[in-house]
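Let's take a walk through this model together, starting with the overall layout and then working down to individual side chains. Keep the view open as you read.

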Amino acid sequence: MKKNILVSLIVSLTYFAGNSQTASVEKSTYGIQTGLLGIWVHNEMKITNQTALRTELGMNAGIFGGDFYPKTGFLMTPVIIAEPRWYYNLEKRQSKSKNISGNSGNFVSLKTSYHPNWFVISNYDNLKTFNLITIVPTWGIKRNIGKHFTYETAIGIGYGHQFREGYGDLEGVAVNLHLRAGYRF
């Protein structure tokens, strides 16, 4: 009888210890993503069990036109992004046996972007851009398809400031609306 109780106790403790692990973001994950208007490489580094710092380096794209331009314009400019993310539903996803690898979950973040005036790729010659900083509180979801493929979507409204040397700075509302697909290394 004592042996049965001891074996049952050991099995129970092993089961509960194995299943009581706290859900956590990954220590570090790298990837590349693309969307309708750009391409980005990124890293997410663990800060706490539910927070990660996402850094990105990429090229944002844009389309412009109107009465002032004889043809529709296209441009790509570099962007540097630092975005602390809080993955708030990892415990819930894990308790329902849903995948949380690669930081798969819902998140709230503070997306901070810097668009430097380093160079412009465009179908127009001598196109000039200005340095721009945006700070946008954002809500989004990130999911995995298999082991390496990811998709995410996010939306947010915040603040933007454009440094227009010699023309007077502009500031106003900045919007973050993205739908991206990617590959995680």
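The chain has two helices and nine strands, where helices (H or I, at least four residues) and strands (E, at least two) are DSSP runs numbered from the N terminus. Follow the sequence and you get the pattern α-β-β-β-β-α-β-β-β-β-β. Before going further, a word on ground rules: this is a predicted model, in which local features need pLDDT of at least 70 and side-chain atom pairs count only at pLDDT 80 or more, while totals for chains, interfaces and linings use all residues. Residues are numbered from 1 along each chain as its sequence is written, and side-chain values use heavy atoms, with hydrogens and water left out.

How much of the chain is buried? Of its 185 residues, 36% count as buried, with buried meaning under 20% relative accessible area, exposed over 50%, and partly exposed in between (1.4 Å probe, protein chains only). The accessible surface comes to about 11,500 Å², and 65% of that belongs to carbon and sulfur atoms; these areas come from the Shrake-Rupley method with a 1.4 Å probe, and for residues only the protein chains shown count as cover. As for contacts (heavy atoms within 4.5 Å), take those between residues at least 6 apart in sequence: 56% of them join residues at least 24 apart.

Now for the inside. The largest nonpolar core has eight residues: A23, V25, A52, Y87, L90, I100, F107 and A154. A core here is a set of buried Ala, Val, Leu, Ile, Met, Phe, Trp, Tyr and Cys residues joined through side-chain atoms within 4.5 Å. Click on L90 and, leaving aside residues up to four places away in sequence, you'll find that L90 touches A23, S24, V25, N49, I100 and S104.

Next, look at the charges. The structure holds nine salt bridges, each being a side-chain nitrogen of Lys or Arg within 4 Å of a carboxyl oxygen of Asp or Glu. One of them joins the side chains of R54 and E44 at 2.8 Å, N to O. That pair links distant parts of the chain, with R54 in strand β3 (residues 51-64) and E44 in strand β2 (residues 38-46), ten residues apart. E44 also forms a salt bridge with R85, whose closest N and O atoms are 3.4 Å apart. This one runs from E44 in strand β2 to R85 in strand β4 (residues 73-87), 41 residues apart.

Why do E44 and R85 count as buried? E44 does so because its relative accessibility is 0%, and R85 because its relative accessible area is 1%. Then there's E152, which forms a salt bridge with R54, the closest N and O atoms being 3.6 Å apart. Here the partners are E152 in strand β8 (residues 149-163) and R54 in strand β3, 98 residues apart. E152 is buried too, with a relative accessible area of 0%, and R54 counts as buried at 1%.

W86 and Y88 make a tilted one, 5.5 Å centre to centre with 50° between the planes. Y183 and F185 pair edge-to-face, at 5.4 Å and 70°. Y183 is partly exposed at 30% relative accessibility, whereas F185 is exposed at 61%. Ring pairs link F149, Y183 and F185 into a cluster.

Finally, check two backbone spots. Most residues other than glycine have a negative phi. S97, however, has a positive phi near 60°, and S97 is found in the loop between α2 (90-95) and β5 (105-115). N126 has a positive phi near 55° and lies in the loop between β6 (121-122) and β7 (131-145). S97 counts as exposed at 70% relative accessibility, and N126 counts as exposed at 80%.

Conventions:
Phe/Tyr/Trp six-rings, centres within 6.5 Å; stacked < 30°, edge-to-face > 60°.
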